[in-house]
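User: I've got this one open in the viewer and would like to talk through the fold. Can you take my questions one at a time?

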Amino acid sequence: MISAAVAAIAVVLVAIQSSSGEATAGSATADTAGAPHNGGHSLGGAAGPAGSSGKTEAGPQIVTDVDRTFLVKVRQAGLWEIPAGRLAQTHAQSEAVKRAGLHLIDGHSKLDQLVREDAKILGVEIPNEATPEQQGFVKQMENARGAEFDRLFANLLRASHGKIFATIGEVRAATQNDLIRRHARQANQTVLDHLEVLEDTGLVDQATFEEVEAAVKPK
Ligand SMILES: [Fe+2]
């Protein structure tokens, strides 16, 4: 009886040792596997040589005037595109325009939250009003209905998105700020989605494409 009990305890002890050993080995493997994986990404590479001081992405990184202007433009885009998207739900005739409006509301609601967070982190002052020109666009749309609204919406917004799309590329290419890089990535995806849903309306005029072409043409 006694020897059987001792044997049972011995089995339990072996089981405990074995499971704790496995757990340790498992976590060590995960760590080892994680390190080179992270190192392959640009953030890991940047954190390495920076050492103790440059670890966080929002630390003492430079924020240029171009970076600041970019955040201001993202903020202002939301300040007129969200109202425009809402107007589409009540003033539009085309279902494709209403759908594009929903994309504007959704995309800029998310982007606006991000821009407010990033501006705060980077100490960039952002406005609470769209530009006078953007406010004028909203007024024009407020006064239009049906087919007239649809054309205005598709063309005003397609022109604006075409111009900002080029700006985002320039910012993303030139910035040295990690947070601005991440922001440009998000903005790029949002603007691309908006370009596509606006083009899907089939209402963008040739003149609008020509206007954008003239605006983004390399000088
Ligand atoms: Fe947009």
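User: How many helices and how many strands does the protein chain have?
Analyst: Keep in mind that this is a predicted model. From the N terminus on, the chain's elements run α-α-α-α-α-α-α-α. So far as DSSP runs go, the count is eight helices and zero strands.

User: How are H3 and H6 oriented, roughly parallel or roughly antiparallel?
Analyst: Helix H3 (residues 65-91) packs on helix H6 (residues 146-174) with the axes 11 Å apart and an angle of about 160 degrees. Angles over 145 degrees count as roughly antiparallel. That's why H3 and H6 come out roughly antiparallel.

User: Which element gives the largest share of the largest nonpolar core?
Analyst: That core has 24 residues, and those with the most contacts inside it are Ala84, Ala88, Met141, Phe153 and Ala154. H3, H4, H5, H6 and H7 each give two or more residues to this core. The largest share is seven residues, and it comes from H6.

User: What residues does alanine 154 touch, leaving out those up to four places away in sequence?
Analyst: Ala154 is one of the residues with the most contacts inside the largest core. Beyond its sequence neighbours, Ala154 touches Val97, Leu198, Thr201, Leu203 and Val204.

Terms used
Residues are numbered from 1 along each chain as its sequence is written. This is a predicted model: local features need pLDDT of at least 70, side-chain atom pairs count only at pLDDT 80 or more; totals for chains, interfaces and linings use all residues. Helices (H or I, at least four residues) and strands (E, at least two) are DSSP runs, numbered from the N terminus. Axes are lines fitted to C-alpha atoms, for helices over the stretch in contact, and angles run from 0 to 180 degrees between N-to-C directions. Angles under 35 degrees count as roughly parallel, over 145 as roughly antiparallel, 65 to 115 as roughly perpendicular and the rest as oblique. A nonpolar core is a set of buried Ala, Val, Leu, Ile, Met, Phe, Trp, Tyr and Cys residues joined through C-beta atoms within 7 Å. A residue is buried if 20 or more other C-beta atoms lie within 10 Å of its own, exposed if 12 or fewer, and partly exposed in between; C-beta atoms are placed from the backbone. Two residues are in contact if their C-beta atoms, placed from the backbone, lie within 7 Å.
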